[in-house]
Amino acid sequence: MSQATSATGGASYAAAGVDIEAGDRAVELMKEWVRKTQRPEVLGGLGGFAGLFDASALKRYERPLLASATDGVGTKVDIARRMGVYDTIGHDLVAMVMDDIVVCGAEPLFMTDYICVGKVHPERVAGIVKGIAEGCVLAGCALVGGETAEHPGLLGPDDFDVAGAGTGVVEADRLLGADRIRTGDVVIAMASSGLHSNGYSLVRHVLFDRAGMALEQQVDELGRTLGEELLEPTKIYSLDCLALTRTTDVHAFSHITGGGLAANLARVIPDHLHATVDRSAWAPGAIFDLVGKAGQVERLELEKTLNMGVGMMAVVPADSVDVALATLADRGVDAWVAGEITERGDHTDGAALTGDYAS
């Protein structure tokens, strides 16, 4: 009798393509990694219907504001699938969610994930969760639960996608944002680890479809294979940003994701002010030049799609710059002064890039 057929010869869940036993094994494999993310406020273990977080920990706040965000990692999952590497894509997921939350000054508290697969391969699913758990540790949050869904017929056996949602907390009078920014403030850029998790539809089209490159191809400019470069995990800035809020009077952060540097920075600039960012303050990594040249992509198109070497920006008062840079340097974050805040005047937008990139 086939395992996919019931004793009566009727239909079964397994015959429809869903393997409950494989899902159970995946849960067992991932438990070890989830435990590594636990904070003292987390109650219970993996396997319940809901993750529990002791909200009495928020009593130390005068007026706690909860911040939440949800995101995925886009078509970067295709690179992970093609390379058969599943334990880094979770870092990207945590970064995309928790670095959005920390922008308002919130401390990341906990996160849940959603993994959708065409077929449950327990070791693959556990590898993805391992990466998410490692990312949560880097962000200082707990992974309190998640869902693994098997969608046969909608996804191929090796296809998958990931998404996540997170929650953080910030004291109301410490909330960061546009209303704190003043003329004369300075924009500090923090280096990205590469492409991060945005623009991969353009990158894949340019490098694979147009340039005919292969993931295993060694690229001298990159100093490694193309696949290794494209799978480089997104840098997680959450704890670095929180460190800045403790040592300096930070006015705002901007997470540089989809839409590029200028558009994301403009999101935290008040209507009467303008941020000018000088391209000559840094040289984007080799991958950005490779994408631009391989696809003959115009600079403005690159800049509105990719991060161009900057993953997070902080807006601080001019007298806080030295302390801010020292704080980031102590934490191993490559950072530099990239621009300034002025009156908007004739400018019609909140932020713009000027000059040419350093060589």
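Is Lys293 buried or exposed? Lys293 is exposed, with a relative accessible area of 61%, where exposed denotes over 50%, buried under 20% and partly exposed the range in between (1.4 Å probe, protein chains only). The model is predicted: local features require pLDDT of at least 70 and side-chain atom pairs pLDDT 80 or more, whereas totals for chains, interfaces and linings use all residues. Residues are numbered from 1 along each chain as its sequence is written, and side-chain values use heavy atoms, with hydrogens and water left out.

**Packing of helix 5 and helix 9**

- Helix 5 (residues 200-210) and helix 9 (residues 286-295) have axes that come within 9 Å and cross at roughly 60°; helices (H or I, at least four residues) and strands (E, at least two) are DSSP runs numbered from the N terminus.
- Axes are lines fitted to C-alpha atoms, for helices over the stretch in contact, with angles from 0 to 180 degrees between N-to-C directions.
- Helix 5 and helix 9 are therefore oblique to each other, the class left after roughly parallel (under 35 degrees), roughly antiparallel (over 145) and roughly perpendicular (65 to 115).
- Val203, Val206, Leu207 and Arg210 of helix 5 make the contact with Ile287, Leu290, Val291, Ala294 and Gly295 of helix 9, contact meaning heavy atoms within 4.5 Å.

- Ile287, Phe288, Leu290, Val291, Gly292 and Gly295 are the buried residues of helix 9.
- Their cover includes helix 5, strand 8 (218-219), helix 6 (226-230) and helix 10 (299-303).

**Salt bridges**

- The structure contains 16 salt bridges, each defined by a side-chain nitrogen of Lys or Arg within 4 Å of a carboxyl oxygen of Asp or Glu.
- Within helix 9, Lys293 and Asp289 are four residues apart and thus separated by about one helical turn; they form a salt bridge whose closest N and O atoms are 3.2 Å apart.
- Asp289 is partly exposed at 41% relative accessibility.
- Asp87 and Lys130 form a salt bridge through their side chains (3.6 Å, N to O).
- This pair links distant parts of the chain, 43 residues apart: Asp87 lies in the loop between helix 2 (76-83) and helix 3 (89-101), and Lys130 in helix 4 (residues 122-139).
- Asp87 is partly exposed at a relative accessible area of 30%, whereas Lys130 counts as buried at 18%.
- Glu301 and Lys304 also meet in a salt bridge (3.4 Å, N to O), and Glu301 is partly exposed, with a relative accessible area of 33%.
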